[in-house]
Amino acid sequence: MSVSGKVAICPGSYDPVTNGHLDIISRASGVFDRVIVGVVNQPVRKQKTLYTSEERKAFIEQAAADHGLGNISVEIFSNLLVEFAREQGAGVVIKGLRAISDFEYEFEMNQLNRMLAPDIESMYIFASARYSFLSSTGVKEMATFGGDVSELVPPAVASSLTDRISRDSEG
Ligand code: PNS
């Protein structure tokens with residue numbers, strides 16, 4: 001199924017991108033003509049990011065190319081999500097839902113975004129069962145304690161994580 005002429009935004013912190021994010025992005029890319037992955041420059045509700053926005057963007061671009069996702073582009077944004085969506089000509093925002101615990105946060109975001117821009121529709125894709133537990137925070141925690149994250153993130157992320165975490169804890 002393809003929604004003709006429709007552009008969707010998949011927004012997130014992507015610090016770093018996981019295979020769960022890529023599952024949602026690739027499923028969205030099968031439905032929409034064009035998918036723009038929006039990497040928020042500095043998430044307001046989170047601590048400082050482990051990777052810069054340029055690094056987070058590059059990891060996604062690399063993984064999208066490796067997965068053969070031709071209708072994906074990646075952009076960094078620093079403004080309201082709905083403003084960014086308008087700038088990009090997107091009428092739809094796609095979010096992934098893993099568990100009931102995601103619902104409350106997404107419900108709030110949905111209400112705020114809808115109040116700001118009723119013309120931009122938010123739509124939700126349920127995570128595949130194999131990724132329903134997966135989060136960037138969990139991956140960083142595993143890597144901090146030496147756990148193997150190679151099944152959970154793209155290869156470039158897996159090979160950079162341990163170094164980056166130790167560098168980050170020194171600084
Ligand atoms: O991966 P995350 O951290 O859940 O992504 C959060 C994101 C980027 C979707 C959210 O923080 C966001 O939309 N930020 C931009 C500011 C904004 O528009 N906030 C919602 C309305 S106040």
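## Elements and fold

The chain holds six helices and five strands, where helices (H or I, at least four residues) and strands (E, at least two) are DSSP runs numbered from the N terminus. From the N terminus on, these elements follow the order β-α-β-α-β-α-β-α-β-α-α. With a radius of gyration of 16 Å, close to the 16 Å that the globule rule gives for 171 residues, the chain is as compact as a globular protein of that length; the radius is taken over C-alpha atoms, and the rule is 2.2 Å times the number of residues to the power 0.38.

This is a predicted model, in which local features need pLDDT of at least 70 and side-chain atom pairs count only at pLDDT 80 or more, while totals for chains, interfaces and linings use all residues. Residues are numbered from 1 along each chain as its sequence is written, and side-chain values use heavy atoms, with hydrogens and water left out.

## Burial and contacts

Of the 171 residues in the chain, 43% are buried, meaning under 20% relative accessible area (1.4 Å probe, protein chains only). Among contacts (heavy atoms within 4.5 Å) with a separation of 6 or more, 77% join residues 24 or more positions apart.

## Helix H4

Helix H4 (residues 100–116) has 17 residues and reaches 25 Å from its first C-alpha to its last, close to the 24 Å expected at 1.5 Å a residue, a span computed as 1.5 Å times one less than the number of residues. Its buried residues are Asp102, Glu106, Met109, Asn110 and Asn113, and their cover includes helix H3 (81–87), strand S4 (92–97) and strand S5 (121–126).

How values were computed: Buried < 20%, exposed > 50% of the residue type's maximum accessible area, 1.4 Å probe, protein only.
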